Amino acid sequence: MDTTPPFASLDACPPGSDADFALSGRLELSTVSALWQETRQRIAGPTRIDASKVSACDGAGAALLFDLHRQGARIAGLRPEFQRLLDSLEPDKPFAPGKLAHRKPLLIRAGQFLHDWLLELRQQITFTGAIAADLADLVRHPRNLRWQDFLRQCELTGANALPIISLIAFLIGVILAFQSALPLRQFGAEIFVANLLGLSLVREMGPLITAILLAGRTGAAFAAEIGTMKVNEEVNALTTFGFDPVRFLVLPRLLAGLLMAPLLTACAEIVGLVAGALVLEGFGIPFNTFFHQVASSTNLADFVGGMVKAAVFGLEIAAIGCLRGLATGAGASAVGSSTTRAVVQTLVILVVTDGLFAMLYYYLKI
Amino acid sequence: MSIEIKGITKQFGAFKALNDINLEVKSGELLALLGPSGCGKTTLLRVIAGLETADAGQILFHGSDATNAHVRERQVGFVFQHYALFRHMTVFENVAFGLRVRPKKTRPSEAEIKRRVHQLLELVQLDWLADRYPAQLSGGQRQRIALARALAVEPKVLLLDEPFGALDTQVRKELRRWLRRLHDEVHVTSVFVTHDQEEALEVADRIVVMNKGQVEQIGTPEQVYDQPASPFVYQFLGDVNLFHSRVHEGWAEVAGQRFAAPGQSDAGALVYVRPHEIDLSRESTEGAIAGQIGHVRLLGATVRLEVQTADHETVEVELVREHYQRGQWQVGERVYLVPRNAQVYADYSI
């Protein structure tokens, strides 16, 4: 067994011979690092290297030869087994360009963005159409709905959300009443807190607060639930049974949203008003007076306007939640991202719709 | 019911998932779509089911065009790789689902549903689990329930997408035998997708080997295994050793052995030899490949030896355990390799 430490060297060849340099010895991990330094200092540009005296070559050695080859050196006389090692690195193949360095031009990216956006728009329009068609069909054949599912969704969306919505409405009522009562007291006008509270809760705050809570609670749940079914291929399983997922999964949720949002809003309004009444009781205004004042300042149109708005909100929350659920891609992480998108999209749509309603009601003089 | 697939092509963006697929599924047969992942086999199954639409081509169900038919009109039963059982329903409700949701005219009575479901649960030997929820079952049980659910609607075609892919080896072996028996009992036209060549060889009546969106070979398990149509099929159906040779007048020579390459022109050729079709010997014979035993791996009943040849190639040799022990082969020993059988492909490049 050879006990001398592995050795490799780079020697200059006498002028006139076939090569400029000769590599010899064992090109191995332990010898290459020192040799590499040397080659860097001595070899530059196209040279001819005689490698016939290389007696061993491992991956590190091949890397050195690869590097020399890249710099333009012609390596000759390598033993076939080492030559094969070098060839497997494909030294003549240009490096693949890095991905980061190659960014697509702005125009292409803009086009791609537009393309994706249009695809999504198409998806939304298709979905809206499917819902509209199914709703129209439902009006003609109400028995086609799975009423059991509808009732279960009503319970989940409505009844189960009641405590949290009451709590928030109560706090909003207290805060609004208290904050407005303090400045109004300077003018002895605490009684007008009732007008303020009544109008703002019935027309604006009631529907909006309920809708925001529903978006976080129910819209996200719809997206996650349907998204999980999509990922598990349960949606496809439904399809193979001849089921339309929109009718089976979306319609009950949509109707539950449509019905429960106004009911929850009405509850929120009542709880908020009671909270305001309690605060004003502390300011010396009795319950009776408060509710009389509320009744005289708000009319039926205000209330109905608020309810219509709440119903539309409920519909939007359920529809976006279901759409995002059905549009879920593959993999468990897709459920998370579609849930997030459902909530964010719903919140944006809610605010936009609220603005549109404000304009509509202004022109209708409600 | 027979299925005819004519020129089906499907593209996802720039990726061609299916490229001009033509095949026929005979009535009552169990057909396996076999191929590596990404070869398009699942896409083809979904196109047959109607869960995907093809870009071009035609699908005929029993001779009538079903290319644009909706999933529900095709009356297929689909079994998914990850079961896709409805989690909020019991096993009984899952199996009954397909029947209960039918329009009133075609829906069987509640008593009839009950009878049918129990019959199916007996068929899959899980009658005692009727009241459990899917989450309370093992993977193998879930897949059998999924199968019962698919069979409940009396589908004309049963499609199975890697039905045993998510199960462990033991359960998988048991289930595929069971599937074969079940198919012999119910005789519904079935197509199942798998990447496991053993599974396909054991269960299917015929095998379709696919690669890169194309059909490589269609045939019975014996045909596909014994007369592979291309190097790909040969490689995919088991481990191989590759030798380079030349075809000369219909014969290729490897290690002193001549192998027939009938009808192949004189050219460079690839010669494939399966690891269990190589003999080891200590005595040199004319042209035998010399080598040195590198690694020895025990794989239960068989032993796999890696032999380093003089050209620094590695050849795998598989021996029966007894053979290995009788030969007393040692690591580092010099041996000679003689192939017993080989498959020659002239003019192929890899």
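This is a predicted model: local features need pLDDT of at least 70, side-chain atom pairs count only at pLDDT 80 or more; totals for chains, interfaces and linings use all residues.

Modeller: Start with Arg26(A). Its relative accessible area is 34%, so Arg26(A) is partly exposed. Its side chain meets that of Glu28(A) in a salt bridge, at 2.9 Å from N to O.

Next comes a pair that joins two helices of chain A. Glu204(A) and Lys309(A) form a salt bridge, and their closest N and O atoms are 3.2 Å apart. Glu204(A) sits in helix α7, residues 193–231, while Lys309(A) sits in helix α11, residues 300–326. The pair therefore ties together parts of chain A that are 105 residues apart in sequence. How exposed is Glu204(A)? Glu204(A) is partly exposed, with a relative accessible area of 29%. Lys309(A) has a relative accessible area of 2%. That value is under 20%, so Lys309(A) counts as buried.

Now to chain B. Here the side chains of Arg282(B) and Glu333(B) meet in a salt bridge, at 2.3 Å from N to O. Both residues lie in loops. Arg282(B) is in the loop between β15 (278–281) and β16 (289–299). Glu333(B) is in the loop between α10 (321–327) and β19 (334–339). The two are 51 residues apart in sequence, so this pair, too, ties together separate parts of the chain. Arg282(B) is partly exposed, at 39% relative accessible area. Glu333(B) has 17% relative accessibility and so counts as buried.

Chain B also holds a network of salt bridges. Over all chains, the count comes to 39 salt bridges. Why can such pairs form? Side chains of opposite charge can pair because their charged atoms come close.

The unreviewed UniProt entry places the feature "transmembrane region" at residues 161–178 and 342–364 of chain A. In the model, residues 161–178 of chain A are 94% helix and 0% strand. The end C-alpha atoms of that span lie 26 Å apart. Residues 342–364 of chain A are 100% helix and 0% strand, with end C-alpha atoms 32 Å apart.

Last, the predictor's confidence. Chain B averages a pLDDT of 86, and 98% of its residues score at least 70. For the complex, the predictor gives an ipTM of 0.74 and a pTM of 0.73.

Technical notes: Residues are numbered from 1 along each chain as its sequence is written. Chains are lettered from A and ligands numbered from 1 in the order in which they are written. Side-chain values use heavy atoms; hydrogens and water are left out. UniProt positions are given in the numbering used here, feature names are shortened, and annotations may be inferred rather than shown by experiment. Helices (H or I, at least four residues) and strands (E, at least two) are DSSP runs, numbered from the N terminus. A salt bridge is a side-chain nitrogen of Lys or Arg within 4 Å of a carboxyl oxygen of Asp or Glu. Buried means under 20% relative accessible area, exposed over 50%, partly exposed in between (1.4 Å probe, protein chains only). pLDDT is the predictor's confidence in each residue, from 0 to 100.
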